[in-house]
Amino acid sequence: MRQLLTPSGDLVGEAPFGLDLCVRLYRAMVVARSYDRKCVALQKQGRLATYAPFEGQEAAQIGSAAALEPDDWMVATYRDAAAMWAQGYPMELLVAGRTGDERGGSPPDHVNVLPPSITVGGHMVHAVGLAWAERLQGSSRIAITYFGDGATSEGDFHEALNFAGVYGVGCVFFCQNNGWAISMPRSAQTASETIAQKAIAYGMPGVQVDGNDLFAVYEVTRQAVERARAGEGPTLIEAVTYRLGPHTTSDDPGRYRDAGEVEEWRRRDPLERVRIFLSERGRWDPEWQAEVEEKAAREVERAVELAESLPPPAPGDVFGGMFESPPRHLREQQATLELYRAAGEG
Ligand SMILES: Cc1ncc(C[n+]2csc(CCOP(=O)(O)OP(=O)(O)O)c2C)c(N)n1
């Protein structure tokens, strides 16, 4: 397993970036954590629908997204808000999406990030299609897709990797192995020793990385992205990390996993090791931390205010989010709704 920064903050290889980028990415991880905790609180207040927290996975998401170009494609899941935000998805739309507002699923045109997939695994084939389409059009844009350990048991995972392997598609498969798929432990998910080794069967490199190590995640993703952009084909990355919180705000992990396991992973906090690294190089102190946290909280607060100040969607808007030309059954339902509304107004 590739590791560059140990849980105690020791650098055991060459840093893949300088201190300035390290500081920027640390700030981004603080914003991500602030966003995540805020969303959990908003859900408890009834201001969001179900929310899937990613606490513990910040390095996996921020480190990998940092290895992309701003217009590369990203196709991710309900748990990947940090990666999506880092790739340009407006935070207020991420929040709006979690209130159930369809407008949260329509990022601005220049943002090459698809709305989050709730269907486990189904989105990976879309990422392969996007990367393949870019190649056919002679562009050097690549795609990255995020998914969990549970998604590797879906047929779509195998179809996506197989197609990408056969056609040498420029797609990076980024698995966040966070130990659990709801209550299903990784050990019961697959008999493979690692998820990374599944790559062998599809004729592509597979790499296992410490997913709580910002440095190593950035390094391996950068290499995979460069390979993809050079036309050398796909890579499967297994980032070994941990979901510190519940599967979603409707889940009680105390019913299926040991509190000791969670404590053990808390000691491998992805933010803490970068904090120690920066501190030892004179780039961190408690006042600076307080300022970084305050700025992060303000950014999150602003996004929440924007999301909550959107005028309420009209009932008929629900028909507008999916099709350019809605199919007949939706047109019929829309007409029925209009009849009811007309009757109500009359
Ligand atoms: C096709 C499909 N099957 C089942 C579900 C219900 N479901 C939602 S999340 C989840 C577990 C996914 O685990 P994993 O892929 O490891 O990702 P994680 O939630 O841990 O990030 C399941 C089974 C779903 N959303 N889609």
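Predicted model: local features only at pLDDT ≥ 70, side-chain atom pairs only at ≥ 80, totals over all residues.

Reader: How do α1 and α10 cross, and at what angle?

Author: Two packed helices are described by the angle between their axes and the distance between those axes. Here the axes of α1 and helix α10 (residues 270-280) come within 10 Å and cross at roughly 145°. The crossing of α1 past α10 is left-handed. From α1, the contact uses C22, V23, Y26, M29, V30 and R33, while α10 supplies P270, L271, V274 and L278. By class, nine of these contact residues are nonpolar, none is polar and one is charged.

Reader: Is helix α4 largely enclosed or open, and why?

Author: Burial comes from counting neighbours: a residue with 20 or more other C-beta atoms within 10 Å of its own is buried. In α4 (residues 91-98), seven of the eight residues are buried, so the helix is largely enclosed by the rest of the structure. Those residues are E92, L93, L94, V95, A96, G97 and R98. They pack against α1 (19-44), α3 (81-86) and α11 (286-308). Just after α4, G100 has a positive phi of about 95°.

Reader: Which residues are closest to the ligand?

Author: The ligand is surrounded by 15 residues, with V120, G148, G150, A151 and A181 the closest. Strands β2 (143-148) and β4 (180-181) each give two or more residues to this shell. Its make-up is seven nonpolar, five polar and three charged residues.

Reader: And how far apart are the C-alpha centres of the two domains?

Author: The assignment gives domain 1 (19-313) and domain 2 (317-346), and their C-alpha centres lie 35 Å apart.

Methods
Residues numbered from 1 in each chain as written. Near = placed C-beta within 6 Å. Helix = DSSP H or I, 4+ residues; strand = E, 2+ residues; numbered from the N terminus. Nonpolar A, V, L, I, M, F, W, Y, C, P; charged D, E, K, R; others polar. Buried ≥ 20, exposed ≤ 12 C-beta atoms within 10 Å, placed from the backbone. Contact = placed C-beta atoms within 7 Å. Domains from an automatic or database assignment. Axes fitted to C-alpha atoms, helices over the stretch in contact; angles between N-to-C directions. Left-handed = near helix turned anticlockwise from the far one by under 90°.
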